[in-house]
Amino acid sequence: MTTQGFVVSHAKDASFTRGLRSFFEYRDLGIKDATAGRVAAHVIRAAAGTDFSSQPHAHATSFQLVYVLKGWIEFEYEGQGRVRLEAGSCVHQPPGIRHREVGHSDDVEMLEIVMPGDFTTHEVEAV
C-alpha cells in the first residue's frame, strides 16, 4: 500500500483565487498535484463585484464533470441548447463540446473535475 498522492482539503483552510473566467473564483483541491497532473478538481464560485461575460468556447479534455453545490448556472451546449443546473444537478461535458455560460446566481458554487489537469481552452465562433 502506498500513500503517495494522498491529499486532504478542508473548507476551513480554503483559499479562492481568480482563474480561467474572471467572474469566478477557484479553490484548488490539491488533486492535480496529488495525481501528477492527470486530474484537476476545484470548487468554483461567483466572484463578487464582477461583471458576467462569456464567450463560446471548448476545452481540450478527456473528461469534465460539473456538480452544482449551491445556487444555479445556465449553459448553452452544442447540440443541446440551454441547460439550467441547480443545486444537486450534475453534467458531464463531453470532450471538445462547444458551450458558453449564459448566467448564474450570485451564490453559485460548483465542484468541477477535469482530465487532464492541464487542459486547454479555446474560444470558438459559436456554440
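I count a charge as sitting over a ring if NZ of Lys or CZ of Arg is within 6 Å of the ring centre and within 35 degrees of the ring normal. The model I examined is a predicted one.

**Entry 1: charges over rings**

With that rule I looked up Arg45 and found its charged end over the ring of Phe16, at 3.6 Å from the ring centre. I then turned to Trp72, whose ring has the charged end of Arg84 over it, 4.0 Å from the centre.

**Entry 2: aromatic pairs**

I asked how many aromatic pairs there are, and the count is two. I noted Phe75 and Tyr77, which form a tilted pair with 5.4 Å centre to centre and 35° between the planes.

I traced an open sheet of six strands, and its order reads 1-2-3-10-5-8. The pairing in this sheet is antiparallel. I recorded strand 1 (17-18) and strand 8 (90-92) as the edges; each has a single partner strand, so one side of each is left without a neighbour in the sheet. Next I inspected how strand 8 is held to strand 5 (residues 63-70): the two run antiparallel and are joined by three bridges. I looked for the residue opposite Leu65 and found His92, in strand 8.

**Entry 3: the nonpolar core**

I looked up the largest nonpolar core, which has 15 residues. I listed the residues with the most contacts inside this core as Phe24, Ile73, Leu85, Val108 and Met110. I then asked which strands each supply at least two residues of the core; they are strand 2 (24-28), strand 3 (40-46), strand 5 and strand 6 (72-77). Strand 6 gives the most, with three residues.

**Entry 4: Ala34**

I located Ala34 in helix 1 (residues 31-34). I assigned Ala34 as partly exposed, because its relative accessibility is 23% and buried means under 20%. Not counting residues up to four places away in sequence, Ala34 touches Gly5 and Val7. I also looked up Val8, which is 26 residues from Ala34 along the chain; their C-alpha atoms are separated by 9.9 Å.

Notes:
Residues numbered from 1 in each chain as written. Predicted model: local features only at pLDDT ≥ 70, side-chain atom pairs only at ≥ 80, totals over all residues. Heavy atoms only, no water. Pairing = 2+ DSSP bridges. Helix = DSSP H or I, 4+ residues; strand = E, 2+ residues; numbered from the N terminus. Buried < 20%, exposed > 50% of the residue type's maximum accessible area, 1.4 Å probe, protein only. Contact = heavy atoms within 4.5 Å. Phe/Tyr/Trp six-rings, centres within 6.5 Å; stacked < 30°, edge-to-face > 60°. Core = buried A, V, L, I, M, F, W, Y, C linked by side-chain atoms within 4.5 Å.
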